Amino acid sequence: MGERGSAVLSAREQLDILREGVVEIIKEEELEAKLERSVREGRPLKIKQGFDPSAPDLHLGHAIGLRKLRQFQDLGHTVIVIIGDYTGMIGDPTDRSETRPKLTHDEVQANARTYTKQLHKILDPLKTEVVMNGDWFSKMSFAEVMDLAGRYTVARILERDDFTNRFQNQQPISIHELFYPLMQGYDSVAIKADVELGATEQKFNCLVGRELQKAYGVEQQVVMLLPVLEGTDGVRRMSKSIGNYIGIDESPKEMYGKTMSIPDTMIIRYFELATVVGSEEVAAVRRELEGSEANPRDTKRKLARAIVSLYHGPEAAVSAEQEFDRIFAKGGLPDEIPEPHVVLKGRPDERGGVWIVALLTGAGLTKSNGDARRLIKQGGIKLDGSPVTNVDSEVPLDEPHLLQVGKRRFAKILPERVTYDGRED
RNA sequence: GGGGGGGUGCCCGAGUGGCCAAAGGGAACAGGCUGUAAACCUGUCGGCAUCGCCUUCGGAGGUUCGAAUCCUCCCCCCCCCA
């Protein structure tokens, strides 16, 4: 373990650090005992956290847990990240809305690499092991599966809220979905986890892990539950599939902009969960917001800078802010404007002009011609900086033009990147 | 195996022969305002060179001048009984 084997903190001191920001520890005495033994025997604890293999975009919600894992690492412990390639074949029953396409082995491998890359933005690569639960599940015989299934009861599985709700709402539950908690729990058996980290909504699954470890004669893990961060809508939990997430791998300006779009009521919450500012500073922010002097916008700017700095550094945060001001406060242009390849049906008119509506759609700025018409009528389209009011406008393609939809969508139309699909009439 | 209920646009959800491209809500997008891509207000929200036409209401057929709405078969989901 120790490339820094020297100053190991006492169990008590470690516990004090680890407890911070945690919603619940089951059970704290056990964690303390494990830490004590770890210190005494100079043996790191194994900290487990699992991830779904299908959605490799980690976001600020995941980061809460990752920072906690990082704390464990900094205290000398080992983190084992489990990519649930087998559990992913089921999909967590929590959000079983889409039927997930089965991932191929190669796709899972690719996703695992993407994960690892993102994980290393927060975790210490030297103390992080990434494994897939297919490593053990693919080798299990049917008899072993039956044995696993025999160690838990239907009634206990149905205690889980999601199942109960779905049952009551007359939504389908497939039998293999009942295996999800068992499989996640068995992961803990397989790696002999000392601690499993999860968001509060994972409580049930993590506790199944404890039960199964007991059933299999493995020392029980401690369950450490962390808060769930709301997404940019301020209501539902941050999630890729809902689309209300801020990814830790996103560009500074996306991060900055998305942060600015959270409801004002979420500012404190984000300071607490999405940044690393201390509790006194959060308290100061709270006072600032409650007092009437400060403009919440400025507090939110501070938040956005803090978040961007965390992942991209302070300079990037400053330039993201400048760009944001330029575009939104002053209605200016971004640094980089896409120059799409435009394919048009038919051909230009004699003067080399192209119908504005077709151009917008061809450039991918609007979904359809109808969409483009509507936006023009609503005054949402600008050509070279001035609003387009006439749906029938022709744009001469003798020189580059700047097209803008709303405040956020831009495209530079270069004549040499416009082609015609040659369709006659 | 028996009985009952249900599958509608991105999501939820009304609609049981023409007034339905389909109410309402949410999401999203645009405009206004502002303190920001907050909040609030207004508008838009299947496609088409634009008020008429085309393609949508699980799938395939059929009845009808006309079907999301009726009939037949099929697929899927839920509940109750066994």
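Helices (H or I, at least four residues) and strands (E, at least two) are taken as DSSP runs, numbered from the N terminus. Lys48 is placed in strand E2. The structure is a predicted model, in which local features need pLDDT of at least 70, side-chain atom pairs count only at pLDDT 80 or more, and totals for chains, interfaces and linings use all residues. Side-chain values use heavy atoms, with hydrogens and water left out.

Chain A holds 17 helices and 14 strands. Its C-alpha atoms fill a box of roughly 85 × 55 × 45 Å along the principal axes. Burial was assigned from relative accessible area: buried is under 20%, exposed is over 50%, and partly exposed lies in between (1.4 Å probe, protein chains only). Of the 425 residues of chain A, 44% count as buried. Contacts were defined by heavy atoms within 4.5 Å. Among contacts in chain A with a separation of 6 or more, 70% come from residues 24 or more positions apart.

Confidence is given by pLDDT, the predictor's score for each residue, from 0 to 100. The mean for chain A is 85, and 92% of its residues reach 70 or more. The lowest confidence is in helix H8 (residues 161–168), with a mean of 72, and the highest is in E6, at 94. Residues 1–5 have pLDDT below 50, and this stretch makes six contacts beyond near neighbours in sequence. Residues 94–100 also stay under 50, with 15 contacts beyond four places in sequence. Where pLDDT is low, the predicted coordinates should not be read in detail. The model scores are ipTM 0.84 and pTM 0.82.

Lys48 in E2 is buried, at 0% relative accessibility. Beyond its neighbours within four places in sequence, Lys48 contacts Ile80, Ile82, Gln184, Asp187, Ser188, Ile191, Ala193, Val195, Glu196, Leu197 and Gln221.

Nonpolar cores were defined as sets of buried Ala, Val, Leu, Ile, Met, Phe, Trp, Tyr and Cys residues joined through side-chain atoms within 4.5 Å. The largest has 59 residues, of which Leu60, Met224 and Tyr270 touch the most other members. Residues up to four places away in sequence aside, Met224 touches Leu18, Val22, Glu24, Ile25, Leu31, Lys68, Phe72, Val195, Glu196, Leu197 and Gly198. A second, separate core of 23 residues includes Leu344, Val388, Leu403 and Val418. In soluble globular proteins, nonpolar side chains tend to be buried together.

Helix H2 (residues 28–41) has 14 residues. From first to last C-alpha it reaches 20 Å, close to the 20 Å expected at 1.5 Å a residue, where the expected span is 1.5 Å times one less than the number of residues. Leu31, Glu32, Lys34, Leu35 and Ser38 are the buried residues of H2. Seen down the helix axis, these buried residues fall within an arc of 165°, so they line one face of H2. The arc is that of the directions from the helix axis to the C-beta atoms. An α-helix has 3.6 residues a turn, so residues three or four places apart point the same way. The buried residues of H2 pack against helix H1 (11–19), strand E1 (24–26), strand E5 (195–199) and E6. The face turned away from the buried side carries exposed Glu29 and Arg40.

Salt bridges were counted where a side-chain nitrogen of Lys or Arg lies within 4 Å of a carboxyl oxygen of Asp or Glu. The count is 32. One network links Lys34, Arg37, Asp194 and Glu219. Asp57 pairs with Lys240, with the closest N and O atoms 3.7 Å apart. Asp57 lies in the loop between strand E2 (46–51) and helix H3 (60–74), and Lys240 in the loop between strand E6 (222–226) and helix H11 (252–260), so the pair ties together parts 183 residues apart in sequence. Asp57 is partly exposed, at 27%, and Lys240 is partly exposed, at 34%. Arg269 and Glu230 form a salt bridge of 2.8 Å, N to O. Arg269 sits in helix H12 (residues 267–274) and Glu230 in the loop between E6 and H11, so this pair joins parts 39 residues apart in sequence. Arg269 is partly exposed at 27% relative accessibility, whereas Glu230 is buried at 18%. Asp325 and Arg301 meet in a salt bridge of 2.9 Å, N to O. This pair links helix H15 (residues 314–329), which holds Asp325, to helix H14 (residues 296–312), which holds Arg301, 24 residues apart. Both Asp325 and Arg301 are buried.

Notes
Residues numbered from 1 in each chain as written. Chains lettered and ligands numbered in written order.
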